[in-house]
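Subject: Structure handover

Hello,

Here is the structure for you to look through. Please open it alongside these notes.

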Amino acid sequence: MLPTDSPAPRRTLRSMAAAVLAAGLLLTACGADGNDDLAQRASNDGTNYIAGDGSVQEIAAENRGEAVTFESETFEGETVTAETFQGEVSVINFWYAACAPCRKEAPDLQAIYEEFEADSVQFYGVNTRDTQPTAEAFERTFGITYPSMEDRGGSVLMSMTSYVHPSAVPTTLVLDRQGRVSARISGLVDPGTLRALISTALEEDQAQAEAAVSEEAAATLPTL
């Protein structure tokens, strides 16, 4: 056995200390002053994540697929099913805590959620990697008040592979009132773009509702 003051054990101890320090920096990357080292890496340098390409896709109502069909549970214990997305416009954001663009877009997502809350627009996160304590620490750091689902097993992600590439996190989806995907942002959210996509979904459904009322009223008119 080597003596404790030999060079090899000292190198081992230094390596262990460096690993502990690196782990601590990862967990405390966002300080109280709002500086977030991970968020500064949102230019996709390939270090900690694989980002989407920033593309935005809108899907015309006649070209949309079936309503989303998955069942999950939020970190707070709320059950989420296909019925959850019926009747309201919804936003689903796929994220995890160490994802640089996820950290960068988090304040914008919260602000947009608050803006559209009066319109009953639902926001749900889908956390693809983290345990509950890590996810909750992220939410406290960025003041996130809408719920997220735990998806380390990948059941939600796999049910949405037509719209979300498993490696492209963050991805944000907008659902219409029928629970169908009406738009997708692959990569970091641009706040103005997301606001426009949500507004379009709200206006579209309002127009459809008004048309249905008009048709119903016309059907009740007496014939001459």
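Below is what was found in it, starting with the overall make-up.

This is a predicted model: local features need pLDDT of at least 70, side-chain atom pairs count only at pLDDT 80 or more, and totals for chains, interfaces and linings use all residues. Residues are numbered from 1 along each chain as its sequence is written, and side-chain values use heavy atoms, without hydrogens or water.

**Overall**

The chain has 5 helices and 8 strands. Both are DSSP runs, numbered from the N terminus: helices are H or I with at least four residues, strands are E with at least two. From the N terminus, the order is α-β-β-β-β-α-β-α-β-α-β-β-α. Of the 224 residues, 41% are buried (under 20% relative accessible area; exposed is over 50%, partly exposed in between; 1.4 Å probe, protein chains only). Take the contacts (heavy atoms within 4.5 Å) between residues at least 6 apart in sequence: 69% of them join residues at least 24 apart.

**The sheet**

Six strands form an open sheet in the order E1-E8-E7-E4-E5-E6, with mixed pairing. Two strands count as paired if DSSP finds at least two bridges between them. E1 (56-58) and E6 (148-150) stand at the edges; each has a single partner strand, so one side of each has no neighbour in the sheet. The twist averages 15 degrees from one strand to the next. Angles run from 0 to 180 degrees between N-to-C directions, with axes fitted to C-alpha atoms, for helices over the stretch in contact.

E4 (residues 90-95) and E7 (residues 171-175) run antiparallel, joined by 5 bridges. Ile-92 stands opposite Leu-173 in E7.

**Helix H2**

H2 (residues 100-116) lies across E4, E5 (122-127) and E7, at about 165 degrees to E4. Its 17 residues should span 24 Å at 1.5 Å a residue, and the end C-alpha atoms are 25 Å apart, which agrees. The expected span is 1.5 Å times one less than the number of residues. There is a kink of about 40 degrees at Ala-106, shortly before Pro-107. That bend is the angle between axes fitted to the seven residues ending there and the seven starting there. The buried residues of H2 include Leu-109, Ile-112, Tyr-113 and Phe-116. Arg-103 and Glu-105 are also among them.

**Gly-54**

Gly-54 is in the loop between H1 (7-27) and E1. This glycine is partly exposed, at 43% relative accessible area. Beyond its neighbours within four places in sequence, Gly-54 contacts Ser-186 and Gly-187. Gly-54 and Arg-184 are 130 residues apart in sequence, and 9.9 Å apart in space, C-alpha to C-alpha.

Best wishes
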